[in-house]
Amino acid sequence: MSKPDELLIDVATVVESGQSNQMSLTVVTGGAVITGRLAPEAVWRRRVSEVLSDSASLGEFSAVFDTPANEDKDGPPTHLHFHVARILQGTVGIPETGGMYRVAIDDVSAWTMGDFSYSDH
């Protein structure tokens with residue numbers, strides 16, 4: 001996007017200010033469809049740090065995410081932080097259990113409220 005969607009920025013601002021992780025969102029970015037729940041950046045960073053610290057081979061990267069987000073920065077959020085999220089590919093979501101994704105708001109070309117899931121029924 002050449003100009004970020006102000007409505008999407010407003011949604012991200014509410015998520016950041018409310019420290020809520022219940023907002024479901026689906027975005028199209030770089031041709032990929034990502035669906036899941038948004039989390040405040042601080043919550044997202046903490047969770048990624050926890051996952052990395054539990055890994056024998058990736059534990060050293062935990063500290064990168066353990067540093068607090070710059071909460072004093074001026075301006076609106078620049079990224080969406082997804083957790084329990086999936087990249088939709090055909091009739092499946094990858095990974096099935098959900099993952100952690102950070103998406104630049106500038107890169108979102110389309111979005112909708114809610115998340116998508118597939119069912120064979």
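User: What makes a space in this structure a cavity?
Analyst: On a 1 Å grid over the protein atoms alone, a cavity is a set of points where a 1.4 Å probe fits but cannot get out. The structure holds 1 cavity of 30 Å³ or more. This is a predicted model, in which local features need pLDDT of at least 70 and side-chain atom pairs count only at pLDDT 80 or more, while totals for chains, interfaces and linings use all residues. Residues are numbered from 1 along each chain as its sequence is written, and side-chain values use heavy atoms, with hydrogens and water left out.

User: Which residues line the largest cavity?
Analyst: Lining residues have an atom within 4 Å of a point. Those of the largest cavity are A12, V15, E16, L38, A39, H79, L80 and H81. Two or more of the lining residues come from each of α1 (6-18) and β3; helices (H or I, at least four residues) and strands (E, at least two) are DSSP runs, numbered from the N terminus.

User: Why is T29 called buried?
Analyst: Buried means under 20% relative accessible area, with a 1.4 Å probe and protein chains only. T29 has 14%, and is therefore buried. T29 belongs to strand β1 (residues 24-29).

User: How many bridges join strand β3 to strand β4?
Analyst: Two strands pair if DSSP finds at least two bridges between them. Between β3 (residues 79-89) and β4 (residues 92-104) there are 8 bridges, and the strands run antiparallel.

Technical notes. Buried < 20%, exposed > 50% of the residue type's maximum accessible area, 1.4 Å probe, protein only. 1 Å grid on protein atoms, 1.4 Å probe; cavity = no way out; pocket = protein on both sides within 12 Å on 5 of 7 lines; lining within 4 Å. Points joined across faces, edges and corners; volume = space filled by probe spheres on them.
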